[in-house]
Amino acid sequence: MPNYGGVSFNDDAVTWSAHSAIQIDYFVTTRTATGNASTATGDVLNNYVDAVGHAPMLPWYASGYWHSKNRYSSQDDLLSAAREFRARDIPIQIIVTDYYHWVHMGGWSFDPKARPNGPAMMRKLCDL
């Protein structure tokens, strides 16, 4: 359960308090002994992620440019935009089809009226 409390710093003590907790867990870390004030924040963050885990590396395709606009209303619109990027030699890793590509709100299937052949569209995108 969330809690609120405080921390007070005195000349000879540091006191943490929680106003309505049954049990409290704290993670306390410091900067490195050789660090200085300008590196303190980085030291503390490095110690924290060492304790709780580092974020995994992004897959190669997620590290480039993601193109997204308000919406591509059809398969042809999306393919046309992708072809234009290729013609202009603009590298994109991901092109987002965005919302209203489905038959029912939140569905995972392409609307066959707007995207009549999803697998063919994906093959064409991969071939560009």
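1. The axes are lines fitted to C-alpha atoms over the stretch in contact, with angles running from 0 to 180 degrees between N-to-C directions.

2. This is a predicted model, in which local features need pLDDT of at least 70 and side-chain atom pairs count only at pLDDT 80 or more, while totals for chains, interfaces and linings use all residues. Residues are numbered from 1 along each chain as its sequence is written, and side-chain values use heavy atoms, with hydrogens and water left out.

3. The axes of helix 2 (residues 75-87) and helix 3 (residues 118-127) cross at roughly 5° and come within 10 Å. Helix 2 and helix 3 are therefore roughly parallel to each other. Contact (heavy atoms within 4.5 Å) involves Gln75, Leu78, Leu79, Ala82 and Arg83 of helix 2, together with Gly118, Met121, Lys124 and Leu125 of helix 3.

4. Aromatic rings of Phe, Tyr and Trp (its six-membered ring) pair if their centres lie within 6.5 Å; planes under 30 degrees apart count as stacked, over 60 as edge-to-face and the rest as tilted. By this rule there are three aromatic pairs. The pair of Phe27 and Tyr48 is edge-to-face, because the ring centres are 5.8 Å apart and the planes lie at 75°.

5. Relative accessible area under 20% means buried, over 50% exposed, and in between partly exposed (1.4 Å probe, protein chains only). Phe27, at 45%, is partly exposed, and Tyr48, at 41%, is partly exposed.

Terms used. Helix = DSSP H or I, 4+ residues; strand = E, 2+ residues; numbered from the N terminus. Parallel < 35°, antiparallel > 145°, perpendicular 65-115°, else oblique.
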